[in-house]
Amino acid sequence: MLSLLRAVVASLIFVASLTVHSQQHFRIDTLAEGLEFPWSLAFLPDGRLLISERPGRLRLLDLEGKLHAVSGVPEVFAQGQSGLFDVLLAPDFASSGQVYLSYTCGTRNANTLCLARAVLRNNNLHNTQQIFAAKPMRKGAAHYGGRMVFLPDNTLILTLGDGFDYREEAQNPRNHLGKILRLNADGSAPADNPFVDQTDAALELFSLGHRNVQGLVYDHQHHRILAHEHGPKGGDEINWIRAGRNYGWPLVSHGIDYTGARVTPFTDLSGFNAPLLYWTPSIAPADMTLYQGTLFPEWQGDLLVAALAAKAVYRVRLTDKGAEQVDILFADLNERIRVVRTGPDGAIYLLTDSREGRLLKVTPRP
């Protein structure tokens, strides 16, 4: 307990020493509003945007700034934290038109994270097919993960949560709870996944020991996967995800349970990968982008982390020894930030998490 208190105090002192940039430093334009708990966005090659809403809707923002409903979305179970999550374009979208959606399917007493693939044509989805469903089915409506990214070899990384009430399963290689998966584009398991030769492990596993991974990027320059996950009360993490590694949850954590009880006495153990950075108290990280645009050259190569509880975006610099937090951005918006993305134009795009969510575009103020 003493070590945890020291960590909390150190974190508070560090945060107090950071520069907190106000809106005066930026131009922030509202591109769309009236979005119900928006969860993800995707930039189409022609300048339009796809925006997912957790209740189960996919919207298209046209070049005139008008929102259109997109049909063909699979049936979604939307209660609590469940619903429609990530929307991701296939690497060959320009020729195939393929779009991937992660979402919750099933009922409150039997649901799981699913993956669908469809073709976007004439502003609607066609040939929508479920290509993967995580196992096992579970009760409740919490901790799904749901972020996706394609790797250079055209395999797909998909994050899973631990299901909240099933956290011990994050250490069980036989299922998908609390794991990060690597899939082929058709939803099957690649033959070179790290656990394929382990008879008691799910073929799709890439890493294990995760709580609820909702931030995910691929760093093309350094050839690495970076992810962040929600801790319990404290212990939010940024991790370098490597094939076959175990990230410790719930045997290792820098947080405590919401009741105040100790989840584990260990903040590190041999055999488990330590985070590059952790936050105590929690900021509730919800998305992440690796900035490689030109509008904010001082941010080049930094991670921008959207935070729900902290109502801000945290700028994190990657170092040889791990990562360090260097800035707090957009805090005076006073809104829960669900999504932060780098646009093709180098601008920063934000989605706010509420029943009246907004899409914001951030550019430098002249």
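This is a predicted model: local features need pLDDT of at least 70, side-chain atom pairs count only at pLDDT 80 or more; totals for chains, interfaces and linings use all residues.

User: How much space lies in the largest pocket?

Analyst: The largest pocket holds about 870 Å³ of space. Here a pocket is an open set of points on a 1 Å grid over the protein atoms alone, with protein on both sides within 12 Å along at least five of seven lines, a cavity is a set where a 1.4 Å probe fits but cannot get out, and lining residues have an atom within 4 Å of a point. Points are joined across faces, edges and corners, and a volume is the space filled by probe spheres set on them.

User: Which residues are closest to its centre?

Analyst: Leu88, Val149, Tyr218, His220 and Arg341 are the closest to the centre, out of 29 residues that line the largest pocket. Two or more lining residues come from each of β3 (38-43), β7 (84-89), β11 (145-150), β15 (213-219), β19 (285-290) and β23 (337-342), where strands are DSSP runs (E, at least two residues) numbered from the N terminus.

User: And how does that lining divide by class?

Analyst: It divides into 19 nonpolar, six polar and four charged residues, with Ala, Val, Leu, Ile, Met, Phe, Trp, Tyr, Cys and Pro counted as nonpolar, Asp, Glu, Lys and Arg as charged, and the others, Gly among them, as polar.

User: What about the second largest pocket?

Analyst: Its volume is about 390 Å³, and 24 residues line it, with Gln81, Asn212, His230, Ala284 and Leu308 nearest the centre. That lining has ten nonpolar, eight polar and six charged residues.

User: Is Arg117 buried or exposed?

Analyst: Arg117, in strand β9 (residues 110-121), is buried yet has no salt bridge, and Asp186, the nearest side chain of opposite charge, is 6.2 Å away. Buried means under 20% relative accessible area with a 1.4 Å probe and protein chains only, and a salt bridge puts a side-chain nitrogen of Lys or Arg within 4 Å of a carboxyl oxygen of Asp or Glu.

User: What does its side chain touch, then?

Analyst: The Arg117 side chain makes a polar contact with the side chain of Tyr100 at 3.5 Å, a polar contact being a pair of N or O atoms within 3.5 Å, one able to donate a hydrogen and the other to accept it.

User: Where are the cis peptide bonds?

Analyst: One runs from Trp249 to Pro250, with omega near -5°, and another from Thr280 to Pro281, with omega near 5°. Pro250 sits in the loop between β17 (236-241) and β18 (277-279), and Pro281 in the loop between β18 and β19.

User: Which residues have a positive phi without being glycine?

Analyst: Among them are Phe37, with phi of about 45°, and Phe330, with phi of about 65°. Phe37 lies in the loop between β2 (26-35) and β3 and is buried at a relative accessible area of 16%, whereas Phe330, in the loop between β22 (322-329) and β23, is buried at 1%.

How values were computed:
Residues are numbered from 1 along each chain as its sequence is written. Side-chain values use heavy atoms; hydrogens and water are left out. Helices (H or I, at least four residues) and strands (E, at least two) are DSSP runs, numbered from the N terminus. Buried means under 20% relative accessible area, exposed over 50%, partly exposed in between (1.4 Å probe, protein chains only). Lys and Arg count as positive and Asp and Glu as negative; His and the chain ends are not counted.
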